[in-house]
Amino acid sequence: MPISRLTVLFLLVSTLLLGSCASGYQKLLKSTDVNKKYEAAVQYYDKGDYFRAGTLLEDLIPLLKGRPEAEKAQFYFANTNYKQRNYVLSAFYFKQFIDTYPNSDYTEEATFLNAKSLFLDSPGYELDQTNTVSALESIQDFLNRYPESKFKAETDNMAQELQKKLENKAFESARLYYQLRYNQAAVVALTNFQLQYPASAYAEQAAFLRVSAQYAWAKESIETKQRERYLEAVSFYQQFIDAYPKSKSLKAAQDMYDFSQSEIARLKSVPTAASN
């Protein structure tokens, strides 16, 4: 299909305009006119061209120190990183802005966006959660400072999502001990999980796995340690059925309870070993 003259003309004009824009931007980068560069950076920012705005503002910020434009330039620069999804950088620059301008009209939004940057940089629950903890701390700091903020609802939602991520991490870590048959470690991790997240969606599963891990640990122990560990399995079972009397795992738990009771009776005459 032949290309029309109108199409060729349109492509030619577009190319010339793009070249002209690029040429103008390159001149701005090399310019020493601070006012001109600042005005252009704000225009690019307002148009949503955050890459060009950010590049110009990064050059300008050291040159604007002491001038009234410096505050806006630093906030805009942090936000250009946020808009481009450079969340590690945006968190850093928003924090820098907050420290430099604690009483600015932008400070509340900067504090929120610092927390949100950390939230968006938080990894999946299967990875190390150091960044998630930092994000939660920043969110709590924001809520303490701005309890009536317009960003409160969104910030609350972010906090809940991060808490769920930590909850998932804690449960999966405990369950991994169980799956690897590190039964003593599983019992400790599952107990800690129950204490830390009593209302978790995983609470019933964690309670059952704790019974099972304790039961397995008792079975694999030396005979002089078994009775006390079976007694603990019985205690965990009783807590489990009190909390979840209609659990789908009730039959399996009952079988472990029955065996534990028979072993407790059998081991009555066996001397107890010192704890290790």
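A helix is a DSSP run of H or I at least four residues long, and the runs are numbered from the N terminus. On this basis, Glu 263 and Arg 266 are about one helical turn apart, because they are three residues apart in helix α12. The structure described here is a predicted model.

## Overall architecture

The protein contains twelve helices and zero strands. Read from the N terminus, the order of elements is α-α-α-α-α-α-α-α-α-α-α-α.

The radius of gyration of the protein is 31 Å, whereas a compact globule of 276 residues would have one near 19 Å. The C-alpha trace spans about 95 × 60 × 30 Å along the principal axes. Of the 276 residues, 39% count as buried. When contacts between residues at least 6 apart in sequence are considered, 59% of them join residues at least 24 apart.

## The salt-bridge network at Arg 266

The salt bridges in the model number twelve. Three of the residues involved, Glu 223, Glu 263 and Arg 266, are linked in a network.

Another salt bridge joins Glu 263 to Arg 266, and here the closest N and O atoms are 2.8 Å apart. Both residues of this second pair belong to helix α12.

How does burial compare across the network? Glu 263 has a relative accessible area of 11% and is therefore buried, the cut-off for that class being under 20%. Glu 223 counts as partly exposed because its relative accessibility is 41%. Arg 266 is also partly exposed, at a relative accessible area of 43%.

Which side chain meets Arg 175 in a salt bridge? The partner is Glu 172, with an N to O distance of 2.7 Å. Helix α8 (residues 152-179) holds both Arg 175 and Glu 172, which are three residues apart, about one turn of the helix.

Arg 175 has a relative accessibility of 23%, so it counts as partly exposed. Glu 172, at 24%, counts as partly exposed as well. Both values are to be read against the definition of buried as under 20% and exposed as over 50%.

## The largest pocket

The volume of the largest pocket is about 180 Å³. Its lining comprises 14 residues, and those nearest the centre are Gln 194, Ala 207, Arg 210, Gln 239 and Tyr 244. Two or more lining residues come from each of α9 (183-196), α10 (203-220) and α11 (223-243).

How is the lining of the largest pocket divided by class? Ten of its residues are nonpolar, three are polar and one is charged.

## Positive phi in two loops

Most residues other than glycine have a negative phi. Arg 85 has a positive phi of about 65 degrees although it is not a glycine. Arg 85 is placed in the loop between α4 (69-83) and α5 (87-100). With a relative accessible area of 65%, Arg 85 is exposed.

Arg 181 likewise has a positive phi, near 65 degrees, and is a residue other than glycine. Where does Arg 181 lie? It is in the loop between α8 and α9. The relative accessible area of Arg 181 is 64%, so this residue is exposed, the threshold being over 50%.

## Glu 39 in helix α2

Glu 39 belongs to helix α2, which covers residues 34-47. Is Glu 39 exposed or only partly exposed? Its relative accessible area is 49%, and Glu 39 therefore counts as partly exposed, since exposed requires a value over 50%. The C-alpha atoms of Glu 39 and Ala 53 are 10.0 Å from each other, and the two residues are 14 apart along the chain.

Technical notes. Residues numbered from 1 in each chain as written. Predicted model: local features only at pLDDT ≥ 70, side-chain atom pairs only at ≥ 80, totals over all residues. Heavy atoms only, no water. Buried < 20%, exposed > 50% of the residue type's maximum accessible area, 1.4 Å probe, protein only. 1 Å grid on protein atoms, 1.4 Å probe; cavity = no way out; pocket = protein on both sides within 12 Å on 5 of 7 lines; lining within 4 Å. Points joined across faces, edges and corners; volume = space filled by probe spheres on them. Nonpolar A, V, L, I, M, F, W, Y, C, P; charged D, E, K, R; others polar. Salt bridge = Lys/Arg side-chain N within 4 Å of Asp/Glu carboxyl O. Rg over C-alpha atoms; globule rule 2.2 N^0.38 Å. Contact = heavy atoms within 4.5 Å.
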